[in-house]
Amino acid sequence: MKNILSKSGKLKGLFGTYNDPLPVPLKIPSEKVLNYGNHKRIRCDDFDYFNIMNANGIHMNDIDRVNNKLKHKVENYLRQELKYMETFQNRHSILIRAIKKEIKASLPSIPLEEPKYVRNTKTYFQEHMDTKVLKKILKDDDPQYPISKTLVSNDHSKIAYLKVEAGHEQGTLFIKDLVLEETMNISISKVFNFVWSPDNNAIFYTRLNHILHSSTVYKSSLSSKNAKEKIIYEELDPQFFVDVSVSKNKQLILITSSSKDSSEVHYIADSKLNLLSPRRHGVRYFADGNKDNFYILHNDTDTKQQVLSKICTTQLPIDLSKSAIIFKPEPKVAVMDVEIFQDSICFYLSNSGKPEIYIHAISKNNGYYVKLPDTVCLISPGVNPDFATDTIQFSYSSPFIIQAHCQINIHNGQITEYSSKASNIDRKQFTSKLIHVTSWDGQKIPVTLIYKSDIEFNGQNPCLVSAYGAYGLPLTTHFRVHHIPLLKRNFVIALAHVRGGNELGNEWHENGRLANKENCFKDLESVCDFLIQSRMVSPDKIVGEGTSAGALIFGVVKNRKPDLFKALVLRVPYLDVVTGMMDPNHPLTVSEYGEWGDPSTDVRVFDRMVAYSPYDQLVSSKTSVLLSGGVKDERVPFWHPLKYLAKLRTIQSENEGVLHLLHSRDGGHFASFEEELAEKSVELAFIISLVK
């Protein structure tokens with residue numbers, strides 16, 4: 001094996017010789033003794049001191065916690081990595097610019113129209129229902145504090161809008177009077193989510209604490225300038241996350257408190273807080289309705305499959321297991337969303353990974369499936385403000401349709417598409433389809449494939465594999481602009497819907513979390529093996545991409561199969577899961593014990609977690625890695641990718657053609673379009689330069 005370094009210590013080989021030497025991290029051995037009653041564990045970590053970084057970056061003022069000398073060492077190493085990344089970008093600047101131009105060329109320039117309240121890139125408009133005249137009501141022109149959410153009052157007299165600093169998750173709420181056309185002298189700080197009160201004279205909202213946990217619902221009245229906020233509900237269990245919403249008929253405020261295992265709903269009617277059904281371990285439910293009747297989506301069944309029940313509020317609090325079921329999906333069908341209307345109920349479903357819409361007629365107690373315009377797409381509820389409607393609006397996005405808005409006639413199921421934004425590529429030249437791959441235990445794993453229609457499966461094609469597999473969230477098949485340049489270069493795109501998501505219902509999530517996390521990794525391995533054995537792709541040209549918890553899966557498989565991936569693109573990656581879950585002051589840790597387990601109190605969880613942790617089990621491989629981290633990311637701190645890369649540099653200094661890079665992004669989990677465009681251009685240059 002040839003040495004990857006020249007005599008001057010600079011990178012050579014596939015990428016030529018770089019002007020800057022490889023970054024050199026400093027090892028500072030750290031040993032932590034963990035006591036679990038009769039058991040003891042010792043964890044060694046040479047880069048534990050990197051954990052001084054938080055969502056504010058490396059410039060922390062907490063001198064009681066941060067040793068200044070260590071802080072400067074981290075700063076110095078970070079500067080080396082960013083300088084090294086800059087060298088890569090300079091060397092491939094022509095390719096990066098060409099890819100950025102190619103991406104922009106695949107996007108249409110016309111603005112996307114939306115009903116009622118129309119937003120283009122920077123401006124919100126109000127449309128008159130009769131004359132259809134548009135009136136400008138709001139301008140989003142502050143790039144540092146962009147508008148993240150808007151909500152119009154039920155009487156259309158006011159609009160509330162939330163301005164959030166780039167990279168953060170909560171901000172300041174402002175209200176504009178649409179009649180007087182002026183911003184009201186009211187602002188509410190640190191708002192995460194908000195809804196209007198039924199009488200339009202108050203705002204209900206939630207906040208996040210320092211670990212991104214929401215436990216309280218507040219109310220602020222708009223009728224008095226000196227009105228103080230009032231606490232409406234407070235959750236005492238730190239594993240439960242509180243959210244606030246409004247019923248479809250706009251009559252009730254709904255407060256949902258949920259953990260990974262159970263949930264509980266309160267509602268406010270006539271200024272009184274009411275409990276629908278007390279929380280029980282293993283039972284999750286969500287509700288909508290009015291003060292007399294509720295429709296409740298729950299899993300209080302023998303199979304733990306979600307069903308929809310109707311209950312009368314005179315029976316409160318209710319026993320969900322004894323409620324009357326009005327809709328029960330088929331096995332392996334997941335209920336992704338539900339909309340309750342006066343005469344109908346719209347179910348958004350996933351049937352073994354395939355999207356479906358089912359319309360249930362309330363008076364007839366029956367229904368029908370709607371024929372969708374595409375079978376590989378993401379279906380989402382549209383803007384449906386009218387409770388007594390005959391048409392239901394929805395939107396869909398597919399690998400080739402950026403977004404399309406449609407409406408369904410509930411009487412005959414007829415779909416009308418009234419606006420669409422397609423990519424500037426010839427759809428007929430490409431194929432998208434859903435297949436199922438057998439995993440290690442016989443389970444059928446849904447896999448979405450996208451490729452050129454005339455491609456030949458001869459074992460020579462490059463491949464990009466995506467996966468997520470966590471939190472009961474699906475890997476959606478929406479439009480991803482960075483896939484287009486790869487498809488044009490004969491890449492096969494494979495979206496692996498591994499266990500841990502919810503594509504096949506609650507069971508799919510249950511079988512991919514806690515002690516069942518192993519299934520996620522084996523599912524991904526099985527999908528890659530199938531792609532190779534079927535000769536769809538070359539075994540030497542597989543690239544993996546994962547974001548946040550999805551990056552963890554690729555980090556695990558990379559360690560287990562060092563020769564599998566040519567390259568990995570890991571965005572805001574959750575790689576040191578042990579350190580993250582050991583610290584209750586780490587963002588989201590306590591609320592995620594139900595997903596990963598608590599290694600600080602249970603030695604079995606600790607052993608299981610260390611055994612798969614991408615950071616703890618890191619080994620040398622033939623895989624090049626591009627990591628990205630957000631210095632302002634409040635969910636996955638920047639030290640996750642930085643310490644992973646530092647450890648990688650110390651164990652791997654050979655293997656011709658292997659390249660490791662760190663890309664810094666300001667937005668963290670929530671980047672702007674321009675930042676996403678720049679980052680995707682660099683990622684594609686990284687992939688294309690490696691996979692020729």
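The charged end of Lys522 sits over the ring of Trp440, 4.0 Å from its centre; a charge counts as over a ring if NZ of Lys or CZ of Arg is within 6 Å of the ring centre and within 35 degrees of the ring normal. This is a predicted model, in which local features need pLDDT of at least 70 and side-chain atom pairs count only at pLDDT 80 or more, while totals for chains, interfaces and linings use all residues. Residues are numbered from 1 along each chain as its sequence is written, and side-chain values use heavy atoms, with hydrogens and water left out.

**Rings and charges**

- Lys647 lies over the face of Tyr615, at 4.6 Å from the ring centre.
- The structure holds 19 aromatic pairs; rings of Phe, Tyr and Trp (its six-membered ring) pair if their centres lie within 6.5 Å, and planes under 30 degrees apart count as stacked, over 60 as edge-to-face and the rest as tilted.
- The pair of Tyr49 and Phe50 is edge-to-face, because the ring centres are 4.8 Å apart and the planes stand at 75 degrees.
- Tyr49 is buried, with a relative accessible area of 7%, and Phe50 is buried at 0%; buried means under 20% relative accessible area, exposed over 50%, and partly exposed in between (1.4 Å probe, protein chains only).
- Tyr205 and Tyr218 form a stacked pair, 5.6 Å centre to centre with 20 degrees between the planes.
- Tyr205 lies in strand 11 (residues 202-206) and Tyr218 in strand 12 (residues 216-221), so this pair ties together parts that are 13 residues apart in sequence; helices (H or I, at least four residues) and strands (E, at least two) are DSSP runs, numbered from the N terminus.
- Both Tyr205 and Tyr218 are buried.
- Phe47, Tyr49, Phe50 and Tyr77 are linked into a cluster by ring pairs.

- Four strands form an open, antiparallel sheet in the order 10-11-12-13; two strands pair if DSSP finds at least two bridges between them.
- Strands of a sheet pair through backbone hydrogen bonds, either parallel or antiparallel.
- Strand 10 (193-196) and strand 13 (230-234) are the edge strands, and each pairs on one side only.
- From one strand to the next, the twist averages 25 degrees; axes are lines fitted to C-alpha atoms, for helices over the stretch in contact, and angles run from 0 to 180 degrees between N-to-C directions.
- Five bridges join strand 11 and strand 12 in the antiparallel sense, and the bridge partner of Ala202 in strand 12 is Ser221.

- Strand 20 (residues 307-312) and strand 21 pair in the antiparallel sense over three bridges, and Ser309 stands opposite Ile325 in strand 21.

**Helix 5**

- Helix 5 (residues 518-533) has 16 residues and reaches 22 Å from its first C-alpha to its last, close to the 22 Å expected at 1.5 Å a residue; the expected span is 1.5 Å times one less than the number of residues.
- The buried residues of helix 5 include Phe521, Leu524, Cys528 and Leu531.
- Among the elements that cover these buried residues are strand 30 (430-438), strand 31 (444-452) and helix 6 (549-560), where contact means heavy atoms within 4.5 Å.
- Arg535, which follows helix 5, has a positive phi near 65 degrees.
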